[in-house]
Amino acid sequence: MKNRKNQERDTIRLTVNDVLQEFEIGDQRYQVAACDTLAKTLRETLGLSGTKVGCNQGACGSCTVLLDGIPILSCMTLTVECDGKQITTIEGLADPATGELDEIQQTFIDGTAFQCGFCTPGIIMASRALLNRNSLPTETDIKDALSGHFCRCISHYQVVEALQTITEKKKK
Amino acid sequence: MKFAKDYRFIGKATPRKDAVDIVTGKAEYIDDLELPRMLHGKVLRSPYPHALIKNINTTGAEKFRGVKAVLTHKNVPQWRTGTPRHVRILDKKLRFVGDAVALVAAETAQMAKAALDLIEVTYEQLPAVYDVAEAIKSDAPQLYDEFPGNLIPLDIPVFGPQTLSSVKLGDVEKGLGASDYIAEGTGSYENIPNPLPLEPPGVIAEWSGPNSLTVWSATQSASWHRFIMLSKMGFPDIRTISTQCGGSFGSKNYSAQPMLYAAALAKATGRPVKVCFSKEEHFGAFALRLGSRFCGKVGIKKDGTVMAVQGEWLVDTGAFSDMAQAQVAVGLGELQLMLRCANWDIKSKLVCTNRNASGIVRGFGGQELESALLPILTQALEQGNIDPVAFFKQNYVKPGEGYYWRDGNRWVSRSKDYSKAFERGAQTFGWNDKWKGWLKPTSVKEAKRVGVGVSVHGNADVGEDVSEAYVRLNPDATVTIHACVAEPGMGQRSSLCKMVAETLKLPLERVNMTPPDSLINPFDFGLVGSRGTYAVGSAVISAAEDAKEKLFKMAEDVLEAAPHDLDSKDGMVFVKGTPDKGVPWRSVIGLMQTCTGFGRFEPDYSLPNFIAMFVEIEVDTETGKLDLLRVVTATDVGQIIDPPSLAGQLHGAIGSAGIDTAIFEESVLDTSNGHIMNLNMMDYKWRSFTELPRFENEILETPIQTHRFKAIGVGEVSTSPGPSAVLMAASNAVGIRLEGYPLTPDKILRALGKINP
């Protein structure tokens, strides 16, 4: 019965890019509805539009964010399920104090590892998760980790190359 | 002669100007943009391929919470798209599954969507037609009263009074009579793939007065929402602003339907309205590739000379098309660039059918025509046992030779010799070792058979249409380029900054561009046909040179020297040879003033570019699966502007309905009910990171007479040779002439006799 009470709470809390956010449950613009996806909450309620929605069907990877460090599809995740969790989006990768970009962001700039850039935030978030769990990924590891990400311009070769330069640097 | 090593930026990899915004999520795409008081528009769509609306009741939807307007064919503005203008924004008649029935604007997208369910419609279903040959029969269902036989007029002056819709030259009967080998048949490229940029199309429209419309949108060509749509909407003053564009590949040059829906709803509500298509709508109610069927003959001589090309090209637009006549014109031109021949007789027919409309897709007519015709041509090469690399090298249009281009005029190529590039590609690929003859595999290992193929494509649109630009020198030694150029992924905005920085000898970070906005920029035709490098490049370079000339004229008195004796570097003006005795721009221009130059590019269709593509594939004869192992492209770009951007454009051959339309990409149309069955990214197949072929680009840099950097673009052409090259390679691998795109396992196994027809 304890749980029941918990489920009836009318607010949820999630930490987005190290900032604690508390939302009422409801269908007003500033609230979170039970049917709201995390992608919608991030983009429309919090204004974090760096997370892109390509297909909204969980098939293209562009909405990927980190949930407690694990890459997830934010268009297929309900915000209410994220109560108590840590979310990291593309806006949260750079060092908040110095503004220094994440090494992946920098290597994507250096190697022009994008064309239209719409898939880039999702690919960078998935790459961050990969490097967090495997600091020296092989080419195959990289391709496997990104296999759910659709890039129509075909920047794949430059993405893989850019990520490999990070590995190469670390080996040295 | 200047080479890349002499340049500061040209030919060197420099970070894209928008790189930081892209990797940090700050880049603003259309669906990221929110305007005050903005409403959201949604579309009710037809469940039937061909039907009449007998009755429509919108009362329930109008009363729904948050709804501000509901529009149907009864109360929508009388704007018309299509070429010629025949497509109403909403019509009583519906012509494909997904055709628009009604529009709703509401406070939120969710409310608008929910209100769609409350619109009551009674339909009268009509028989539908999906096949071009069926559609032109006398008893076929008719889509438009004004187009009997479902034939859309081709004699529309899209490129002037002589717009190309057929090719007639010499005497084909004579040519066929003198041929040693004649191939005849029907080739079909009708899998209507989707260019499928990741970002679906979207538009925000707002009326600032009864005749003043502003549209924000994701576009490839920033000014098209103004100049293409003006005449379709009764000439309002349209200001068009392009956001960052999440891919286009032709399809988002402009988004006529989303724009008209947003503009109509904005007019009805007096508020800005956003219409962003869902992925399903993107698949089912936006631009597909044209369907292409060629029925005819090709004759060649033993020595590889093409003697005659004769036939009929049936082009399927689906329910309508704005640009099909243009694509037919360019496609016919491109075929002539690839096949030098003295005797031509090709006629075209433009046919509408009851499926989602075709739009603009990279390859623009040429890919469609060549993918249908090459399987016939190759039969003649097979008869003569002629090596296709030698054939293509022999038969592309050489400098000094002529071709009819899209305007119907005969142009003489002043391009360059591409045979060296083709040879280099063949060498890198190892063609001579891998080519074993027609219908012969390169290697066989148990069930796995490897084969190779090649194709060539050319395009003379690199100098199409007009570009204008201003280049403004600011007193703080920065430069602003005013040119109406969007950023859909080519990196062209950054490349233009490089050209101007190089011309004015300024650090690249000091050169920036105005946003792609038709109000604040002069006219630019857009990023189509690979024209960014030559056409837009020429305009900004001329503007920069003009500004520099004016600056030197202004500096005449300050430095007491003639303008032609002056030079400028890093924001200092000085007498040539004495850079240490210079004065800053601000001393010449004045602290509160600017110095602006103007540049204009006039159309030039005399510089065709070419690309060859070599592919190696493996077919598993047990499973029928076709794997793309290796791709080599070979071209000559004169001078590379930005190496990673160029590589990206060439790698793009895999995406945007290119090579993979021969392997697995297709929109699967159920002809029993008119529904496309794979309207999502699970069922519509695409290539993932784990399935990448080895991909190499052989890029030569032979200077070409374009502008001061001697460069020419190739973005448009990279997808086009892919499909026919794969078909050739797969046929060679299995030893049987395969037909039909894409070569899915069922087609291959059927050809091998392993499953029943």
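**Ground rules.** I am working with a predicted model, where local features need pLDDT of at least 70, side-chain atom pairs count only at pLDDT 80 or more, and totals for chains, interfaces and linings use all residues. Residues are numbered from 1 along each chain as its sequence is written, while chains are lettered from A and ligands numbered from 1 in the order in which they are written.

**Entry 1: the domains of chain A.** I looked up the division of chain A and found domain 1 (2–92) and domain 2 (103–171); such bounds come from an automatic or database domain assignment. The C-alpha centres of these two domains of chain A are 24 Å apart. Their contact draws 15 residues from domain 1 of chain A and 13 residues from domain 2 of chain A, with two residues counted as in contact if their C-beta atoms, placed from the backbone, lie within 7 Å.

I then checked the domain 1 side. Strand S3 (64–67) and strand S4 (70–73) of chain A each give at least two residues to it, and S3(A) has the largest share, with three residues. Here helices (H or I, at least four residues) and strands (E, at least two) are DSSP runs, numbered from the N terminus. By class, that side has seven nonpolar, seven polar and one charged residues. In this scheme Ala, Val, Leu, Ile, Met, Phe, Trp, Tyr, Cys and Pro are nonpolar, Asp, Glu, Lys and Arg are charged, and the others, Gly among them, are polar.

**Entry 2: chain A against chain B.** This contact takes 41 residues from chain A and 43 residues from chain B. On the chain A side, helices H3 (103–110), H4 (120–133), H5 (139–145) and H6 (156–171) of chain A each give two or more residues. H3(A) supplies the largest share, four residues. I noted 18 nonpolar, 18 polar and five charged residues on that side of chain A.

**Entry 3: the sheet in chain B.** I traced an open sheet of five strands with mixed pairing, in the order S9-S17-S16-S15-S10 (chain B); strands pair if DSSP finds at least two bridges between them. S9 (166–169) and S10 (181–189) of chain B are the edge strands, each pairing on one side only. The twist averages 10 degrees from one strand to the next.

S10(B) pairs antiparallel with S15 (residues 291–300) of chain B over nine bridges, and Ala183(B) stands opposite Val298(B) in S15(B).

Lastly, I found helix H9 (residues 324–338) of chain B lying across S9, S16 (306–318) and S17 (344–352) of chain B, at about 155 degrees to S17(B). Axes are lines fitted to C-alpha atoms, for helices over the stretch in contact, and angles run from 0 to 180 degrees between N-to-C directions.
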